[in-house]
Amino acid sequence: TKCESGCVCADGLYENLDGRCVPAEECPCEYGGLAYGRGEHIQTECEICTCTKGKWKCVQKTRCSSTCNLYGEGHITTFDGQRFVFDGNCEYILATDGCSVNRPISSFKIVTENVICGKSGVTCSRSISIYLGNLTIILRDETFAISGGNPGIRYKVKKNALHLTFDIIIPGKYNMTLIWNKHMNFFIKISRETQETICGLCGNYNGNMKDDFETRSKYVASNELEFVNSWKENPLCGDVYFVVDPCSKNPYRKAWAEKTCSIINSHVFSACHNKVNRMPYYEACVRDSCGCDVGGDCQCMCDAIAVYAMACLEKGICIDWRTPEFCREF
């Protein structure tokens, strides 16, 4: 209806992000606020996507995996991406199989034992038990112990300054990588070759986060506390009725926690900000730093930052954030 001055590309050409007119074959693709050129790839745990004529073309990987994170004072991200926080002084089943009524036989079970680690009543994951038939692996006090045996299981243990890694193969069923930072952070990465159902605090791993709060009794709980209480390994433990907010109980620590955790929002991690949403990790860092009030407060803060750094690494962004003065490697 009216004329506007300006420039347009000639027929068959398209403006790219640099303002140049290019043919469709050279159009870039966008992901997470970043531009990718023709033929460039991005990867998720299940797909490889290639930039073609300004659009992503994705191919399913032959082997798909997903990761459940347990970190800090009871933060969990399930296999399907649901997040929640719980405080409970008990043993809880993180993940197990054999959950269906038709096939109730379990080939693995991973249990976390929580203990109180602050005056405000928050808990920290201190001990992890991995049961593989007659083979048991216990992670505790910065080391591990293996007892029993299972000739049907193949496993390998790798150590470095920061982590213990366990590669476990259950032939015909699962390839698992378990990563423990010898403190509070534990990661379960599973690639499965079976349709076997998985259940526990890590969710049911069916690709839908909306039904992740499925209880031991096979119904979806109305809230996360009901869900958590259903996965107690020891029924004699008391139920959890509320989630503690450590910063409300320790307001004098909040300013320190926000200041130290702000590295997540700073230029140090700027290359990752478009790839991984930083706010849940920052909020978890502040919460944990407020809660660890009986020694080890810096360890709690460093562990929380390390979880964001690992999430960045999974997206191909390696951040060198530790220094001799800040969360140095021991």
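# A guided tour of the chain

Among contacts between residues at least 6 apart in sequence, 48% join residues at least 24 apart. Keep that in mind while you click through this predicted model.

**Stop 1: the whole chain**

Show the C-alpha trace first. Along its principal axes the trace spans about 75 × 55 × 40 Å. Switch to cartoon view and you have five helices and 20 strands to look at. Now colour by accessibility. Of the 330 residues in the chain, 46% are buried.

**Stop 2: the domains**

Select residues 13–60 and you have domain 1. Residues 65–230 make up domain 2. Residues 246–315 make up domain 3. Give each domain its own colour before you go on.

**Stop 3: where domain 2 meets domain 3**

The centres of domain 2 and domain 3, taken over C-alpha atoms, are 23 Å apart. Domain 2 brings 20 residues to the contact, and domain 3 brings 18 residues.

How much area is buried between domain 2 and domain 3? About 1,600 Å². Carbon and sulfur atoms give 57% of that area.

Which elements give two or more residues to the side of domain 2 that touches domain 3? Select β8 (65–71) and β10 (83–85) to see them. By class, this side of domain 2 has seven nonpolar, nine polar and four charged residues.

Next, look for links across the interface of domain 2 and domain 3. Zero salt bridges are found there. Polar contacts do turn up: four residue pairs make them across this interface.

**Stop 4: Lys109 and Glu233**

Start by selecting Lys109 and Glu233. Their side chains meet in a salt bridge, at 2.8 Å from N to O. The pair links distant parts of the chain, 124 residues apart. Lys109 sits in strand β12 (residues 109–116). Glu233 sits in the loop between α1 (224–230) and α2 (246–249).

Are these two buried or partly exposed? Lys109 is partly exposed, at a relative accessible area of 23%. Glu233 also counts as partly exposed, with 26% relative accessibility.

**Stop 5: Arg140 and Glu113**

Arg140 lies in strand β14 (residues 135–140) and Glu113 in strand β12, so the pair ties together parts that are 27 residues apart in sequence. Glu113 is partly exposed at 27% relative accessibility. Arg140 is partly exposed too, at 37%.

Now show everything around Arg140. Leaving aside neighbours within four places in sequence, Arg140 is in contact with Glu113, Arg126, Ser127 and Trp180. For a sense of distance, draw a line from Arg140 to Glu233, the residue from the previous stop. They are 18 Å apart, C-alpha to C-alpha, and 93 residues apart in sequence.

**Stop 6: Lys232 and Asp239**

Move to Lys232 and select Asp239 with it. Their side chains meet in a salt bridge, at 2.6 Å from N to O. Is Lys232 buried or exposed? With a relative accessible area of 11%, Lys232 is buried. Asp239 is partly exposed, at 37%.

**Stop 7: Thr96**

For the last stop, select Thr96 in strand β11 (residues 91–97). Thr96 is buried, with a relative accessible area of 8%. Show what surrounds it. Not counting residues up to four places away in sequence, Thr96 touches Ser106, Phe108, Lys109, Thr197, Ile198 and Cys199.

Where do the polar contacts of the Thr96 side chain lead? One joins the side chains of Thr96 and Ser106, at 3.1 Å. In another, the side chain of Thr96 reaches the backbone oxygen of Phe108 at 2.8 Å.

Thr96 and Cys202 are 106 residues apart along the chain, and their C-alpha atoms are separated by 9.1 Å.

Technical notes
Residues numbered from 1 in each chain as written. Predicted model: local features only at pLDDT ≥ 70, side-chain atom pairs only at ≥ 80, totals over all residues. Heavy atoms only, no water. Domains from an automatic or database assignment. Contact = heavy atoms within 4.5 Å. Buried area = accessible area lost by both parts, 1.4 Å probe. Salt bridge = Lys/Arg side-chain N within 4 Å of Asp/Glu carboxyl O. Polar contact = N/O pair within 3.5 Å; in protein donor to acceptor, adjacent residues only side chain to side chain. Helix = DSSP H or I, 4+ residues; strand = E, 2+ residues; numbered from the N terminus. Nonpolar A, V, L, I, M, F, W, Y, C, P; charged D, E, K, R; others polar. Buried < 20%, exposed > 50% of the residue type's maximum accessible area, 1.4 Å probe, protein only.
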